2 protein chains.
Amino acid sequence: MSDTENNNQCDIIIEGGTLLTISENMDVIDNPVIGIKDGKIAFIKHRDIDGGHSYTAKNILSAHGSIIMPGLINTHTHLPMVCFRGLADDLPLMDWLHNHIFPAESKFVTREMVYKGAMLAIAEMILSGTTTFCDAYFYESEVARAAFDSGIRAVVSQGFIDLPASTAPEKIADIAERFISKWQSKSPLIIPALACHSPYACSPETIMSVKAAARRADVLYSIHLSETKEEVAIMREKFGKTPVQHLKDIDVLDDRTLAVHCIWLEDYEMDMLRSLEVKVSHNPESNMKLAAGCAPVPLLIQKGITVGLGTDGSASNNDLDMFGEMGTAAKLHKVMQMDSTVMDAKTVLKMATINGATALGLEDQIGSIEPGKSADIIIVDTEKPHLAPMHSYYSQLVYAASGADVKTSIIGGRVVMHDRELLLVDLPSIMQEVRSIAKLIGAN
Amino acid sequence: MSDTENNNQCDIIIEGGTLLTISENMDVIDNPVIGIKDGKIAFIKHRDIDGGHSYTAKNILSAHGSIIMPGLINTHTHLPMVCFRGLADDLPLMDWLHNHIFPAESKFVTREMVYKGAMLAIAEMILSGTTTFCDAYFYESEVARAAFDSGIRAVVSQGFIDLPASTAPEKIADIAERFISKWQSKSPLIIPALACHSPYACSPETIMSVKAAARRADVLYSIHLSETKEEVAIMREKFGKTPVQHLKDIDVLDDRTLAVHCIWLEDYEMDMLRSLEVKVSHNPESNMKLAAGCAPVPLLIQKGITVGLGTDGSASNNDLDMFGEMGTAAKLHKVMQMDSTVMDAKTVLKMATINGATALGLEDQIGSIEPGKSADIIIVDTEKPHLAPMHSYYSQLVYAASGADVKTSIIGGRVVMHDRELLLVDLPSIMQEVRSIAKLIGAN
């Protein structure tokens, strides 16, 4: 049997439609045939040019009338907070946090509740085209378990915070190591990581201990950074320097650090992030809703910093739809800079795919559709009135599409959603369970 | 036969779910029975309290697991521009307008093309929960015809612009009168109106002639106003005053004037709009995407000005989803004012319903669900992962719902969409026709 014939025997074939590869050259292929084998993309052919009918597969998916594209990558979530969605909106930030979110969390954090909240959030994400997320929360093993059960790809970060009390460095090392060793070989889809809440809610000792553990295990380390003006003022008051300078001085900034938000940055701090190859997660809807501010993303990108897109938790957004987040990112910076040319649709789509992959250190595996990469693919149904006519694929996806237009989702070569039906999550039962949790937490 | 028995014989009954009335007291009714008769809301009962089973109707709709609410009111559209959606994005405003939109319009404006574009846009609007729109374009009779055929409620404004050439006042009067008399008695759902493009693209004579015709016929008059800084500069240069002052001085500002955008206003101009009872249409996504600016909506509302919500045309948004527009409106002003308490979910939902109705002079007929009002009602399916749990109906609708969650739409007592199927529009054929038009207009 020839090599070609071998290659043409696949697990899944996707045929028809239009493929946006998000490769380096942003290749667009009309009427493609995509072969998926052993979880990876085996080949991409032009159906018209290559003949392309000499393949076999157990599962042949038609993408006629659709766009085939890489699954979206949500670089910042707190999934279990889905249980607080709509609990306390339109409030001053500190009132929201101290009088609503923290009290809710004090009632809420049982392991089973974290699992169920995460599972509902994952259902929402898969149905809206996200195939990878990067999460940080308490009891992160429960988030990892939900990800494992649902078939989604996840960077799961065990979170540390010094509120109400700090954790001793040796205990941090122990918790971190146990978490990482528990998850690092469980599944190629589950990638353990570590997180600190922020420079103002974690002591230098905590921040350094968690980063040391992340370095030992070579995992991603994420931290909220310069989210509010108040944070910068607190850090200046306490340490006599900005949050970025503080983290640099205690040596936690490197190419495996994901800094989340990065709104209130001086120019020299951006250069610092750039030279240390720190990655940034941009969460525009959360930043708007909490009135935190608007990150200088066009400038960060111009400086060569990798910026991924994220939704943040459902208490501050309030949905996890990355299509909506793309539209907001594209439009927000235009009005902020009074320049309609910044953050064009292509830039934003890259931010939500390949640049998100790079931010998480996964650019060799995901973020584009190319032979050898993992098959993390979504099919977007464009037979919808709001997606016609099709002058530009990128514009339609960023400015007009919504998560509800995704009809099929494949993660690591496994179909996890088809025709809007989740194949691995019992949605009605998880919705019912989260509603019961919500009754315990708050009104309604 | 008693009066009560009479009232209980309906055309349509909606039962179950939760009713958000958007009445003066914002009454919320769990498990209601809503009777619809002769296009109007005949009664609203509590199913549990009033017994409520003594009704009959040809059509009984279950709203279990759903929110029942007034249909959304889109106060500013240019529907046929749906044909330009995605044609030219991320460009400087003047490049966009003069090198892309105007040339496209020069190729595009045949009556049949306007009809088909409008019909596709109406399909999108009905599917995303809009039951009334206020449109302005060339060949507005074609938009009116599409609205009439589709069953949607529409304020259709024949538009006037002095580019490339101005129209003589007597010709304006003639065109306006013919348009209004053609449409004013055709259907209670079709409400003729008049529009001028803007103070900078219409001469004072044109503006005054169109307004005079609007006053004679007692119809709504709308005009783009203070959309860009450049417009204010042009008006100061040409007339030595701001656009608002200019319109006041030529006496076109009154309670039947809808001023669209209103971004660059001085405080005294807001007071002027307030004292003249001018209504405002706020189009946040278009204003963001074109980098026009951000209207001072919280201040306008605080001053007592009626502000409705709108999407603007599809070339500058790019969708017509009023749910997305609500989320953007709620979040944009928070970050602009650095105050997370402004534009709370309830305020935004009122802007998209009852205040939109008032902006169009239709508050006696639509905008809330109350006995005697027209039955313009949507049913939103909340059995979706992104709408669970239900801590707050208003938050969920504004921050998490999308147009795709609307499962049923009733306009003037007629079911126009049910279970996501349009009942009066042949969607596949209209999509195909608009795609053919798009091929004539531009690439792809």
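This is a predicted model: local features need pLDDT of at least 70, side-chain atom pairs count only at pLDDT 80 or more; totals for chains, interfaces and linings use all residues.

Me: What rotation superposes chain A on chain B?
Reply: A rotation of 180°, with 0.0 Å of shift along its axis. The RMSD is 0.0 Å. The two copies are thus related as by a two-fold rotation axis.

Me: Which C-alpha in chain A is nearest the axis?
Reply: That of A:Ala404, 3.3 Å from the axis.

Me: OK, helices. How do H3(B) and H16(B) cross?
Reply: Their axes come within 9 Å and cross at roughly 130°. That makes H3(B) oblique to H16(B).

Me: Left-handed or right-handed?
Reply: The crossing of H3(B) and H16(B) is left-handed.

Me: Which residues meet there?
Reply: From H3(B), B:Met113, B:Lys116, B:Gly117, B:Met119, B:Leu120 and B:Ala123. From H16(B), B:Leu427, B:Ile430, B:Met431, B:Glu433, B:Val434 and B:Ile437. By class, the contact of H3(B) with H16(B) has 9 nonpolar, 1 polar and 2 charged residues.

Me: Over to chain A. At what angle do H3(A) and H4(A) pack?
Reply: About 45°, with their axes 8 Å apart. H4(A) covers residues 140-150. That angle makes H3(A) oblique to H4(A).

Me: And is that crossing left-handed or right-handed?
Reply: H3(A) passes H4(A) in a right-handed crossing.

Me: Who makes the contact?
Reply: H3(A) brings A:Arg111, A:Val114, A:Tyr115, A:Ala118, A:Met119, A:Ile122 and A:Ile126. H4(A) brings A:Glu142, A:Val143, A:Arg145, A:Ala146, A:Ala147 and A:Ser150. The residues of this contact divide into 9 nonpolar, 1 polar and 3 charged.

Me: Now sheets. What's the strand order in the open sheet of 4 strands in chain B?
Reply: S5-S4-S1-S6, with mixed pairing. S5 (40-46) and S6 (56-62) stand at the edges, each with a single partner strand, so one side of each has no neighbour in the sheet.

Me: How far are neighbouring strands turned against each other?
Reply: By 20° on average, direction ignored.

Me: How many bridges join S4(B) to S5(B)?
Reply: 6 bridges, and the two strands run antiparallel. B:Lys37 stands opposite B:Lys40 in S5(B).

Me: What about the sheet of 7 strands in chain B? What's the order?
Reply: S3-S2-S7-S16-S17-S18-S19. This sheet is open too, and the pairing is mixed. Its edge strands are S3 (28-30) and S19 (421-422) of chain B, and each pairs on one side only.

Me: Do S2(B) and S7(B) run parallel or antiparallel?
Reply: Parallel, joined by 2 bridges. S2(B) covers residues 18-20 and S7(B) covers residues 66-70. B:Leu19 stands opposite B:Ile68 in S7(B).

Notes: Residues are numbered from 1 along each chain as its sequence is written. Chains are lettered from A and ligands numbered from 1 in the order in which they are written. Copies are superposed by least squares on the C-alpha atoms of residues with pLDDT of at least 70 in both. Axes are lines fitted to C-alpha atoms, for helices over the stretch in contact, and angles run from 0 to 180 degrees between N-to-C directions. Angles under 35 degrees count as roughly parallel, over 145 as roughly antiparallel, 65 to 115 as roughly perpendicular and the rest as oblique. A crossing is left-handed if the near helix is turned anticlockwise from the far one by less than a right angle, and right-handed if clockwise. Two residues are in contact if their C-beta atoms, placed from the backbone, lie within 7 Å. Ala, Val, Leu, Ile, Met, Phe, Trp, Tyr, Cys and Pro count as nonpolar, Asp, Glu, Lys and Arg as charged, and the others, Gly among them, as polar. Two strands pair if DSSP finds at least two bridges between them.
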